[in-house]
Amino acid sequence: QVQLVESGGGSVQAGGSLRLSCALFGYTYSPNCMGWFRQAPGKEREGVATIYTGSGTYYADSVKGRFTISHDNAKNTLYLQMNSLIVEDPAMYYCGVDWLRARECLRPVQATTVHYWGQGTQVTVSS
């Protein structure tokens, strides 16, 4: 049973930075597609960034150049470094993982495609 535990959310001023972490447990074969998604009140969960193990990353246009996704194999942890946060970024952020083909992972991933989720961590940005 894959388990994901997130941490690192919080409240910052616009222009500030946060780093989200997602520790993975309970898998036999490491998921090859890992990503960060966010959901604002009244909106659908949307993909922010994904990483396909050893093969690349994808970023939504809204975060490109500001957010960086990475994975530490030794620590079994997924990260999202968020810089230059803006007032459009606040949401509940979720890490999600699954086993997908590279062409399915390195593109806008539908949340319904992902089967394993963390509990979410709240990000708030004040102007």
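User: What's the strand order in the open sheet of four strands?

Analyst: The order is S1-S3-S8-S7, with antiparallel pairing. Strands here are DSSP runs of E with at least two residues, helices are runs of H or I with at least four, and both are numbered from the N terminus. Two strands pair if DSSP finds at least two bridges between them.

User: Which strands stand at the edges?

Analyst: Strand S1 (3-7) and S7 do, each with a single partner strand, so one side of each is left without a neighbour in the sheet. From one strand to the next, the twist averages 15°. For that angle, axes are lines fitted to C-alpha atoms (for helices over the stretch in contact), and angles run from 0 to 180 degrees between N-to-C directions.

User: Before we go on, what should I know about the model and the numbering?

Analyst: This is a predicted model: local features need pLDDT of at least 70, and side-chain atom pairs count only at pLDDT 80 or more, while totals for chains, interfaces and linings use all residues. Residues are numbered from 1 along each chain as its sequence is written, and side-chain values use heavy atoms, with hydrogens and water left out.

User: OK. How many bridges between S7 and S8?

Analyst: Six, in the antiparallel sense. Thr68, for instance, has Gln81 in S8 as its bridge partner.

User: And the loop between S7 and S8, what's in there?

Analyst: Asn76 lies in that loop. Asn76 has a positive phi of about 50° although it is not a glycine. At 29% relative accessibility, Asn76 counts as partly exposed; buried means under 20% relative accessible area, exposed means over 50%, and partly exposed is in between (1.4 Å probe, protein chains only).

User: Switching to S9. Why is it largely enclosed?

Analyst: Seven of the eight residues of S9 are buried, so the strand is largely enclosed by the rest of the structure.

User: What does S9 pair with?

Analyst: S4 joins S9 through seven bridges, running antiparallel, and Trp36 stands opposite Cys95 in S9. S9 also pairs with S11 in the antiparallel sense over three bridges, where Met92 has Gln122 in S11 as its bridge partner. Then two bridges join S9 to strand S10 (residues 116-117), again antiparallel. There, the bridge partner of Val97 is Tyr116 in S10.

User: Which residues touch the most other members in the largest nonpolar core?

Analyst: Of its 28 residues, Trp36, Phe67, Ile69, Leu78, Leu80, Met82 and Tyr93 do. Strand S3 (18-25), S4, strand S5 (46-52), strand S7 (67-72), strand S8 (77-82), S9 and strand S11 (121-126) each supply at least two residues of this core. A nonpolar core is a set of buried Ala, Val, Leu, Ile, Met, Phe, Trp, Tyr and Cys residues joined through side-chain atoms within 4.5 Å.

User: How many cavities of 30 Å³ or more turn up?

Analyst: A search of the whole structure finds one. On a 1 Å grid over the protein atoms alone, a cavity is a set of points where a 1.4 Å probe fits but cannot get out, and a pocket is an open set with protein on both sides within 12 Å along at least five of seven lines; lining residues have an atom within 4 Å of a point.

User: What's the volume of the largest cavity, and where does the lining come from?

Analyst: The volume is about 40 Å³. Grid points are joined across faces, edges and corners, and a volume is the space filled by probe spheres set on the points. Strand S4 (33-39) and strand S9 (91-98) each supply at least two lining residues, and the largest share, four residues, comes from S4. Among the lining residues are Cys33, Phe37, Val97 and Val109.

User: And the largest pocket?

Analyst: About 190 Å³ of space lies in that one. Its lining includes Glu44, Arg45, Tyr58, Pro108 and Val109.

User: Cys105, buried or exposed?

Analyst: Buried, at 0% relative accessibility. Cys105 is in helix H1 (residues 102-105). Cys105 and Arg66 are 39 residues apart in sequence and 20 Å apart in space, C-alpha to C-alpha.
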